[in-house]
Amino acid sequence: MADGAATISSLAGSGLSDAHTDTLLRIAEEVLDVVDSPELKEATVSRYINRGVLEIVAKLARRRVYLPSLLATAEVETAVNADAVSLPADYHANLHGALDMESGRFLVVRPWPVLQRMRQPGPLRSGAVTAVAVYGQRMRYWMIPDTPRRIAVQYHRLPVPLVATTDKPFEVPVELSTRILVDYAAGEAWSNLEQEMGDARVQTNDCRARVAEALDVLAMEIGPWPAEAAPITDAMDWGHAW
């Protein structure tokens, strides 16, 4: 995992565990209480819960809404004469800032089409990196570094999977975490059961309606991420998990 990327233990160490009381095991048990079926196993429910966290993040992202808990920092290292570097493996969206660790200089984050115009026409020029842009899962820059550089980046990351039974869903706001994950996982379980029984998807639809309502609440409270967000320049925050 890239330096600075969050883990369950690092999130717990930051004090976020104080607010979240329900573990993966407790949430799974509540789902099993809601969907009382011998066919439903704890391992399957845990898979649904993790899928639910990813689904929450993906559906909010379609509205340009990102959970504040997923704002992260990490470090990448450029190679001499290379015009791009892979972003951290947990990169999801929004390269929000970039900092040259050697010089302490903030780099300008450009949309890729703008940086592409800066790099054309003619051969790419070597020199100090002054601007960067995201293209796919890579960060491209201008100019091409003539010496290796360490660049700290801020971005929105993917959520950390819940693996151990004691893991807690730190990344979902505590007011909604248990309820929305129970409703999502129960909806997935009911969907399979009601389909097998040939029943109308009453339980499935009820659960999914509650998930949609909770997502609306989250989207309204957090608000959309600005298309041209100003970089965070507080050096105290660089290099630490958000």
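Biologist: Which residue forms a salt bridge with Asp100?
Modeller: In this predicted model, Asp100 forms a salt bridge with Arg149, and their closest N and O atoms are 2.9 Å apart. Asp100 belongs to strand β3, whereas Arg149 sits in the loop between β8 and β9, so the pair ties together parts 49 residues apart in sequence.

Biologist: And is Asp100 buried or exposed?
Modeller: Asp100 counts as buried because its relative accessibility is 2%, under the 20% limit. Arg149 has 21% and counts as partly exposed.

Biologist: How many salt bridges does the structure hold?
Modeller: It holds 12. One of them is between the side chains of Glu30 and Arg179, at 3.3 Å from N to O. This pair links distant parts of the chain, with Glu30 in helix α2 and Arg179 in helix α5, 149 residues apart. Salt bridges with shared partners also join Glu30, Arg179, Asp183 and Arg210 into one network.

Biologist: What about Glu55 and Lys59?
Modeller: Both lie in helix α3, four residues apart, which is about one turn of the helix.

Biologist: Changing topic, which strands pair with β7?
Modeller: Strand β2 pairs with β7 in the antiparallel sense over three bridges. Strand β6 also runs antiparallel to β7, and five bridges join them. In the hairpin of β6 and β7, two residues lie between the strands, and Gly136 takes a positive phi near 70°.

Biologist: How many residues of β7 are buried?
Modeller: Four of its five residues are buried, and the strand is therefore described as mostly covered.

Notes
Residues are numbered from 1 along each chain as its sequence is written. This is a predicted model: local features need pLDDT of at least 70, side-chain atom pairs count only at pLDDT 80 or more; totals for chains, interfaces and linings use all residues. Side-chain values use heavy atoms; hydrogens and water are left out. Buried means under 20% relative accessible area, exposed over 50%, partly exposed in between (1.4 Å probe, protein chains only). Two strands pair if DSSP finds at least two bridges between them. A salt bridge is a side-chain nitrogen of Lys or Arg within 4 Å of a carboxyl oxygen of Asp or Glu.
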